[in-house]
Amino acid sequence: MEFRDFKPLSPFRWLLPKEKVRGMTADAEIIASEPILRAAADDASLTQVINVASLPRLVGRSLAMPDIHYGYGFCIGGVAAFREEDGIVLPGGVGYDINCGVRLLSTAIPADQARADLESLGAAILRHIPTGLTKKTNYPLDQKQFQEVVRHGAREIVRHFAGREEDLAFIESGGRLAVDRLEIVSRKAFERGDSQLGSLGSGNHFIEVQEVEEIFDPEAAQIFGLQRGMLTLMIHTGSRGFGHQIATDFIETFRRKNISRLSLPDPQLIYADIHSSEGQNYLQALNAASNFAWANRHLLMEDLIAICERTLRQPRERLGMRLVYDQAHNIAKFETHTVGGREMKLLVHRKGATRAFPAGNPDIPAAYRAVGQPVIIPGSMGTPSFVLRGTPAAMELTFGSSAHGAGRRLSRHQAIKVASQFNVREKLKERQVLVFSFSSQGLKEEIPEAYKEIAEVVDATTGAGISSKVARLRPLVVVKG
Amino acid sequence: MKAFALFATTADVGIEAWGRDHRQLLRNAVRGLNALLFGEPPPSRGRTEGRRFRYRGDSWENVLVNLLTEALDQTYSRQRRIAALRIRRAAKCSLDVELRLAPWPCRPRAEVKSATYHGLKIIRRPGGLKYVKIVLDV
């Protein structure tokens, strides 16, 4: 598949009609600038978008966001929707890290005043919060407690651990999806996850302390609680081993039940009917894993607030710490969308893509309905992150979806090779970014050079109209798993 | 004959494995996973304990993924690595094996979420060797 096979609908929308490739049952559309699309043609991620366009009963188009890059099954940045009444569900359209997502907090702490404490803050975060592969946990739970957490998500954390009821409104889906039949989650999943609540994980997961560097949309920024020069805190992590095992288990279940009768362009695209028993079981387990991830990020947020209180020697009320939003970027959810003038209940799969609902949508916090849902796009280590807001164009073009991050450009091996030429920590220090991690290999794998330019991804996102810029956040402290 | 090699795609890593037959291929894939997680070859430390693993799949690829999934479960849930495989039976897409498990020699270098089916196909190379390339989500 080549770049020239795509027809430009606009400078940031590219269409591959279904007639172009045998087996496609729907068109494919890439939201991207021309350079991003050319790069996608080189790394074979376009083939993955085409494979999704070959699935049965796809509604609309197989979509990819501007952070498109090669995954397995779906590309990263992939979005696909199926009708609730007769459609299919695919674990490969969600990914193994179910409800990997991002949480953003705003503060009333001027970055200038906090500068002297940043080193202590980073060190305290790394000391206290379990990162990487460790059995250390700040929240040892018995089986019953853990079950309640995966049943009730962030709500359970507020009920029994820490946090405020009012924060739940600022989490996608209120931090909880319905779980009625927990018995369909395997013992292995529980074993992998039960000591990991309140932990960061590894790889590209992080906690960042940032400064609001620039405001593009003063009205939305004020509503989101973002002020120029103030600190923000960002958490990126997911459902850890609990979610990974659930995804693994259900890919196997789907294979056992369906592989013999399906012809798949990629075995990782194994699917089941939404209303089959395995489809319904997967959706229950997906919800449980999603609840774990929201509970996890909620606990991490509360830990982070406590660390800030101790390090900065002020209570949270004085620090003005407030949850801006928590959003998922690996998930499948039932949503109502208008397609061809008709309202439909769809199962929208987003793998490395975020929801981006516009102003007026009833599924976003009431406080944000005047401007739209925050869309948080983290940069790579040491580069800026962006806050955008959802737009009506996103609902029209991408089932209310947007980009989720910078997207990798180099493999881990390539990144390690590049990083061997300099001292990663020192180089970031020159950019006034303090990095904290127990894993020097992990830092090398995550150097900024390994990722696409975040500004390019954001420009394509806003160029296509699916989100609108609100603020840019500059990293000051990065804690990596 | 090369036993295994590690490779990387943009977002993930993977193992190439070779074998005269399925038994050897599976053994070498596990060796590759150990190399990815713990370095190659990991120093032997401590006693090993036995654990039986039996699986009947729809294909050898399916058996391979499930064997590696078991290895990952042992790694992350029980802090064990597969030090050796004593294969009792490997035939008709089924595997009956005693896993000899040893403690972690060191903390794993990567958090592997799962072995995937992406592009997974065991093929026969010229000379009769079996070959597979398996992508791991990290």
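Select B:Asp73 to begin: at 0% relative accessibility this residue counts as buried, where buried means under 20% relative accessible area, exposed means over 50% and partly exposed lies in between, with a 1.4 Å probe and protein chains only. B:Asp73 lies in helix H2 of chain B, residues 60-78, and helices here are DSSP runs of H or I with at least four residues, while strands are runs of E with at least two, both numbered from the N terminus. Show its surroundings next: leaving aside neighbours within four places in sequence, B:Asp73 is in contact with A:Lys188, A:Arg192 and B:Arg78, contact meaning heavy atoms within 4.5 Å.

A word on what is on the screen: this is a predicted model, in which local features need pLDDT of at least 70 and side-chain atom pairs count only at pLDDT 80 or more, while totals for chains, interfaces and linings use all residues. Residues are numbered from 1 along each chain as its sequence is written, chains are lettered from A and ligands numbered from 1 in the order in which they are written, and side-chain values use heavy atoms, with hydrogens and water left out.

**Chain B as a whole**

Now colour chain B by secondary structure, which comes to two helices and eight strands, and follow the elements from the N terminus on, where they run β-β-α-β-α-β-β-β-β-β. The radius of gyration of chain B, taken over C-alpha atoms, is 14 Å, close to the 14 Å that the globule rule gives for 138 residues, so the chain is as compact as a globular protein of that length; the rule itself is 2.2 Å times the number of residues to the power 0.38. Along its principal axes the C-alpha trace of chain B spans about 40 × 35 × 25 Å, and buried residues make up 64% of the 138 residues. Of the contacts in chain B with a separation of 6 or more, 66% are between residues 24 or more positions apart.

Move to B:Ser94, which lies in strand S5 of chain B, residues 94-103, and is buried, with a relative accessible area of 7%. Not counting residues up to four places away in sequence, B:Ser94 touches B:Tyr55, B:Arg56, B:Trp60, B:Val63 and B:Arg89. If you draw a line from its C-alpha atom to that of B:Gly127, 33 residues apart along the chain, the separation is 25 Å.

Then select B:Lys92, found in the loop between strand S4 (80-91) and S5 of chain B, which at 69% relative accessibility counts as exposed. Most residues other than glycine have a negative phi, whereas phi of B:Lys92 is near 50°, a positive value. In chain A, A:Ser173 also deserves a look: its phi is near 60°, likewise positive in a residue other than glycine, and A:Ser173 lies in the loop between helix H6 (154-160) and helix H7 (187-193), where at 27% relative accessibility it counts as partly exposed.

**Aromatic rings**

Show the rings of Phe, Tyr and Trp (its six-membered ring), which pair if their centres lie within 6.5 Å, with planes under 30 degrees apart counted as stacked, over 60 as edge-to-face and the rest as tilted; the structure holds 14 such aromatic pairs over all chains. One of them joins A:Phe3 and A:Trp14 in a tilted arrangement, 5.4 Å centre to centre with 55° between the planes. This pair links distant parts of the chain, with A:Phe3 in the segment before strand S1 (7-10) and A:Trp14 in strand S2 (residues 13-16) of chain A, and both residues are buried.

Go on to A:Phe254 and A:Tyr282, an edge-to-face pair at 5.8 Å centre to centre and 75° between the planes. A:Phe254 lies in helix H9 (residues 240-258) and A:Tyr282 in helix H10 (residues 277-312) of chain A, so the pair ties together parts that are 28 residues apart in sequence. A:Phe254 is buried, with a relative accessible area of 0%, and A:Tyr282 is buried too, at 0%. Select also A:Phe146, A:Phe190, A:Phe242 and A:Phe292, which form one aromatic cluster.

**Charges over rings, and cysteines**

A charge sits over a ring if NZ of Lys or CZ of Arg is within 6 Å of the ring centre and within 35 degrees of the ring normal. A:Arg355 lies over the face of A:Phe357, at 4.4 Å from the ring centre, and B:Arg125 lies over that of B:Tyr131, at 3.9 Å.

A:Cys75 is in no disulfide, and the nearest cysteine sulfur, that of A:Cys100, is 16 Å away.

Note on methods:
A disulfide is a pair of cysteine sulfur atoms within 2.5 Å.
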